[in-house]
Amino acid sequence: QVQLVESGGGLVQAGDSLRLSCAVSGRTVNSLTMGWFRQAPGKEREFVARIFWGGSYSDSVKGRFTISRDNAKNMVYLQMNSLKPEDTAVYYCAAGRTYSTHAGDFDSWGQGTQVTVSS
């Protein structure tokens, strides 16, 4: 059983940076496709980033966010730079068996961490 725990969210101002962390247990992160998703109030959960051997990103965060993993620590990270108010959402770490951008293709989810960006 894969378990994921996110941390690192908080309240920041536009233009600031945050780094989210995802602690993984039950599987090694290098054996999984790891993803970050987010859900804003009144909106559906949306893809942010994914990684297996390399990272990919949604158009809305490309160039600002970076996904990475530390195999030795079994951790996945999301570095978020140049944050905008529209980035405000609950951010979720996810794990899956295929290299997908769709939430339904991910099998395991963390509890989420709130990111709030003020203008």
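In this predicted model, the charged end of Arg45 lies over the ring of Tyr92, 3.7 Å from the ring centre.

Tyr92 and Trp109 form an edge-to-face aromatic pair, with 6.5 Å between centres and 80 degrees between the planes. Tyr92 belongs to strand E9 and Trp109 to strand E10 (residues 106-109), so the pair ties together parts that are 17 residues apart in sequence. Tyr92 counts as buried because its relative accessible area is 13%, under the 20% limit, whereas Trp109, at 27%, is partly exposed. The structure has 5 aromatic pairs, and ring pairs join Phe37, Phe47, Tyr92, Phe106 and Trp109 into a cluster.

Strand E9 also carries Cys93, which is linked to Cys22 of strand E3 across 71 residues. This is the 1 disulfide of the structure, with an S to S distance of 2.1 Å. The link is left-handed, with -85 degrees about the S-S bond. Cys22 is buried at 0% relative accessibility, and Cys93 is likewise buried at 0%.

The largest nonpolar core comprises 28 residues, of which Met34, Trp36, Leu78, Met80 and Tyr91 touch the most other members. Among the elements that give two or more residues to this core are strand E3 (18-25), strand E8 (75-80) and strand E9 (89-96). Leu78 illustrates the packing: beyond four places away in sequence, its contacts include Leu20, Trp36, Val48, Phe65, Ile67 and Tyr91.

Key
Residues are numbered from 1 along each chain as its sequence is written. This is a predicted model: local features need pLDDT of at least 70, side-chain atom pairs count only at pLDDT 80 or more; totals for chains, interfaces and linings use all residues. Side-chain values use heavy atoms; hydrogens and water are left out. A nonpolar core is a set of buried Ala, Val, Leu, Ile, Met, Phe, Trp, Tyr and Cys residues joined through side-chain atoms within 4.5 Å. Buried means under 20% relative accessible area, exposed over 50%, partly exposed in between (1.4 Å probe, protein chains only). Helices (H or I, at least four residues) and strands (E, at least two) are DSSP runs, numbered from the N terminus. Contact means heavy atoms within 4.5 Å. A disulfide is a pair of cysteine sulfur atoms within 2.5 Å. Rings of Phe, Tyr and Trp (its six-membered ring) pair if their centres lie within 6.5 Å; planes under 30 degrees apart count as stacked, over 60 as edge-to-face and the rest as tilted. A charge sits over a ring if NZ of Lys or CZ of Arg is within 6 Å of the ring centre and within 35 degrees of the ring normal.
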